[in-house]
Amino acid sequence: MGLIEAGAWGIAGGLAAGLLTLMVAVTEARFRWPWKEREQVWGHMFVIGGGMVLGALVAGAAHGQMSGAWPAFIMGVGAPSIVRGLLSRIEVNETKDEEPTPRVTAKADVLSKTLKTSQPADVTVGGDAGEGTS
């Protein structure tokens, strides 16, 4: 399957997922449009359009491994959920420090003098012990 064809089926799958989301929102709003003001329509359209773009990207990325339209369509349908699931593992925590955390820095020549070696030492701050050794 070609890249353009896979991308087109991915767009169709993203559109199907977006329409399903809109159908659920209309049902939850007692079969009325889920937006109260006309400006809120663009938020819903952005979500549907974003799903279509994600569907095209995911299906296009895997176009070499697909043999037909159905896998590309299914990848387009599932793309927003897959990306949301991948990003749900990322946590962003805000810290409020009054003073910046001091950084520990050491020069390689100072460490080599302390260790009484003639060559500067390789220093790794943080990480697991033993990492980078062979």
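**Entry 1: Ala6**

Leaving aside residues up to four places away in sequence, Ala6 touches Met1, Ala59, Gly60, His63, Met66 and Ala72. I took contact as heavy atoms within 4.5 Å. Ala6 lies in helix α1. Helices here are DSSP runs of H or I with at least four residues, numbered from the N terminus. Is Ala6 buried or exposed? Ala6 has 0% relative accessibility, so I count it as buried. My cut-offs are under 20% relative accessible area for buried, over 50% for exposed, and partly exposed in between, with a 1.4 Å probe and protein chains only. I also checked Met66, which is 60 residues from Ala6 along the chain. Their C-alpha atoms are 8.2 Å apart.

**Entry 2: notes on the model**

Residues are numbered from 1 along each chain as its sequence is written, and side-chain values use heavy atoms, without hydrogens and water. In this predicted model, local features need pLDDT of at least 70 and side-chain atom pairs count only at pLDDT 80 or more, while totals for chains, interfaces and linings use all residues.

**Entry 3: helix α1**

I read off 26 residues for α1. From first C-alpha to last, α1 reaches 37 Å, close to the expected 38 Å. The expected span is 1.5 Å times one less than the number of residues. Buried residues of α1 include Gly7, Gly10, Leu22 and Val26. The buried residues of α1 pack against α2 and α3. Just after α1, I found Arg30 with a positive phi of about 60°.

**Entry 4: helix α2**

Next I checked α2, residues 41-61. Its buried residues are Val41, Ile48, Gly51, Gly55, Ala56, Ala59 and Gly60. They cover an arc of only 155° around the axis, so they sit on the same side of α2. The arc is that of the directions from the helix axis to the C-beta atoms. These buried residues pack against α1 (3-28) and α3 (69-87). The face turned away from the buried side carries exposed Trp42, Phe46, Val47, Leu57 and Ala61.

**Entry 5: aromatic pairs**

How many aromatic pairs does a search of the whole structure find? I got three. Rings of Phe, Tyr and Trp (its six-membered ring) pair if their centres lie within 6.5 Å; planes under 30 degrees apart are stacked, over 60 edge-to-face, the rest tilted. Trp9 and Phe73 are edge-to-face, at 6.4 Å centre to centre and 85° between the planes. Trp9 lies in α1 and Phe73 in α3, so this pair ties together parts 64 residues apart in sequence. Trp70 and Phe73 have ring centres 5.9 Å apart and planes at 25°, so I call that pair stacked. Trp9, Trp70 and Phe73 form one aromatic cluster.

How values were computed. Helices (H or I, at least four residues) and strands (E, at least two) are DSSP runs, numbered from the N terminus.
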